[in-house]
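Biologist: I am new to this structure and would like to look closely at a single part of it. Could you take me through that part slowly, together with whatever surrounds it?

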Amino acid sequence: MASSSNWTPKQNKLFENALAIYDKDTPDRWQNLARAVGGKSVEEVKKHYEILVEDIKQIESGQVPLPNYKKMAPVAVTKDTWTKNKG
């Protein structure tokens, strides 16, 4: 049932959302996370979490430079423009 170690953007989002629901004190946390993501084993979910924790440590310690975004003029979004551009 386990898939490759590649994670799709959708699986990453499902993983992030599941982390917000199943905290470290949740019984069967890893099984719940794997079920929420779908297509990943408990071992893959644990590994993905370990990588995430390491990434966060590197970012917080200043080892990862912030992206150099170009400054853009602020954009006003109104209900009308939001509705027209939603889809």
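Modeller: With a relative accessibility of 14%, Asn-32 counts as buried, because that value is under the 20% limit. This is a reading of a predicted model, and the residue in question, Asn-32, lies in helix α2. The side chain of Asn-32 reaches the backbone oxygen of Pro-27 at 3.3 Å, and, once its neighbours within four places in sequence are left aside, Asn-32 is in contact with Tyr-22, Thr-26 and Pro-27.

The helix around Asn-32 can be described next. Helix α2 covers residues 29-37, and its buried residues are Arg-29, Asn-32, Leu-33, Ala-34 and Val-37. In general, an α-helix has 3.6 residues a turn, so residues three or four places apart point the same way. What covers the buried residues of α2 includes α1, which spans 9-21, and α3, which spans 42-60. Just after α2 comes Gly-38, and this glycine takes a positive phi of about 80°.

Asp-23 counts as partly exposed, because its relative accessibility of 39% falls between the limits of 20% and 50%. The side chain of Asp-23 reaches the backbone nitrogen of Asp-25 at 3.0 Å.

Sorted by class, the contact of α1 with α3 has 5 nonpolar residues, 2 polar residues and no charged ones.

A pair of aromatic rings is described by the distance of the centres and the angle of the planes. The count of aromatic pairs comes to 2. The rings of Trp-7 and Phe-15 have their centres 5.5 Å apart and their planes at 70°, so this pair is edge-to-face, and both Trp-7 and Phe-15 are buried. Trp-30 and Tyr-49 form an aromatic pair that is also edge-to-face, with 5.3 Å from centre to centre and 65° between the planes. Because Trp-30 lies in helix α2 and Tyr-49 in helix α3, the pair ties together parts that are 19 residues apart in sequence. Trp-30 is partly exposed, with a relative accessible area of 22%, and Tyr-49 is partly exposed as well, at 25%.

Finally, the chain as a whole gives this part its setting. The chain has 4 helices and 0 strands, and from the N terminus on its elements run α-α-α-α. Of its 87 residues, 17% count as buried, and Asn-32 is one of the residues that count as buried. Among contacts between residues at least 6 apart in sequence, 51% join residues at least 24 apart.

How values were computed. Residues numbered from 1 in each chain as written. Heavy atoms only, no water. Buried < 20%, exposed > 50% of the residue type's maximum accessible area, 1.4 Å probe, protein only. Helix = DSSP H or I, 4+ residues; strand = E, 2+ residues; numbered from the N terminus. Contact = heavy atoms within 4.5 Å. Polar contact = N/O pair within 3.5 Å; in protein donor to acceptor, adjacent residues only side chain to side chain. Nonpolar A, V, L, I, M, F, W, Y, C, P; charged D, E, K, R; others polar. Phe/Tyr/Trp six-rings, centres within 6.5 Å; stacked < 30°, edge-to-face > 60°.
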